[in-house]
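Trainee: I would like to learn how to read salt bridges and sheet pairing in a model. Can we work through a case?

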Amino acid sequence: MHNLEDLTDVEHKLVRAVADGERLDLDGAEVRCDVIRRLLTGGFDVVRTDPRGIRVRRARLVGSLDLAEVESRLPLCLTDCHTSETVRLTGSRLSTVDLTGLVGVNIVAFDAQIERGLLMQNVRLSCASAEGTVSVGGARIGGVLDAAGSHLVNTHPDW
């Protein structure tokens, strides 16, 4: 378990918002992806989470959002966020994943199980990856997969 001492002020606001079930608009402030992973996995020893989950808007995600093999019933909503690294959901078991408006590299969700929906409307992804821009091979999505209005670019030579 991790404690809260290593969090930035913005990350403390995020932890409080998740506990209170509130959406947090960060207006471009940075959040380390490790904090999001720790919230989803119950990795803080003193934080309760509201069932509405993680709801963040306009954050700059720092580090790799690596949720591979993570199991969580909390919805994850990261709308209008920016990242410079792959969003990795491979082998995860998640409730809902809303990445609407994400600007980033790519989303890799091989063999993921998303109970409800994977929402990726209006995402802007650009990469040079053999894994693909959006990779959902073997994924099971219980509800909707929506990528309406998205712009996906992959300059890898095999694509």
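Trainee: Which residue forms a salt bridge with Asp-25?
Mentor: In this predicted model, Asp-25 bridges to Arg-58, with the closest N and O atoms 2.9 Å apart. Check the chain positions next. Asp-25 lies in strand 1 (residues 24-25), and Arg-58 sits in the loop between strand 3 (54-57) and strand 4 (60-62). The two are 33 residues apart, so the pair links distant parts of the chain.

Trainee: Which residue meets Arg-58 in a salt bridge at 3.3 Å?
Mentor: Asp-27 does, N to O. Asp-27 is in the loop between strand 1 and strand 2 (30-32), 31 residues from Arg-58. Asp-27 is exposed, because its relative accessible area is 58%.

Trainee: What about Arg-88 and its salt bridge?
Mentor: Arg-88 pairs with Glu-131 at 2.8 Å. Arg-88 is in strand 8, while Glu-131 is in the loop between strand 15 and strand 16, 43 residues apart. Shared partners matter too: Asp-25, Asp-27, Arg-57, Arg-58 and Asp-80 are joined by salt bridges into one network.

Trainee: How do strands of a sheet pair?
Mentor: Through backbone hydrogen bonds, either parallel or antiparallel. Here, an open sheet of 4 strands runs in the order 5-8-12-16, with parallel pairing. Its edge strands are strand 5 (65-66) and strand 16 (134-135).

Trainee: Which residue stands opposite Arg-88 in strand 12?
Mentor: Val-108. Strand 8 and strand 12 pair in the parallel sense over 2 bridges.

Key: Residues are numbered from 1 along each chain as its sequence is written. This is a predicted model: local features need pLDDT of at least 70, side-chain atom pairs count only at pLDDT 80 or more; totals for chains, interfaces and linings use all residues. Side-chain values use heavy atoms; hydrogens and water are left out. Two strands pair if DSSP finds at least two bridges between them. A salt bridge is a side-chain nitrogen of Lys or Arg within 4 Å of a carboxyl oxygen of Asp or Glu. Buried means under 20% relative accessible area, exposed over 50%, partly exposed in between (1.4 Å probe, protein chains only).
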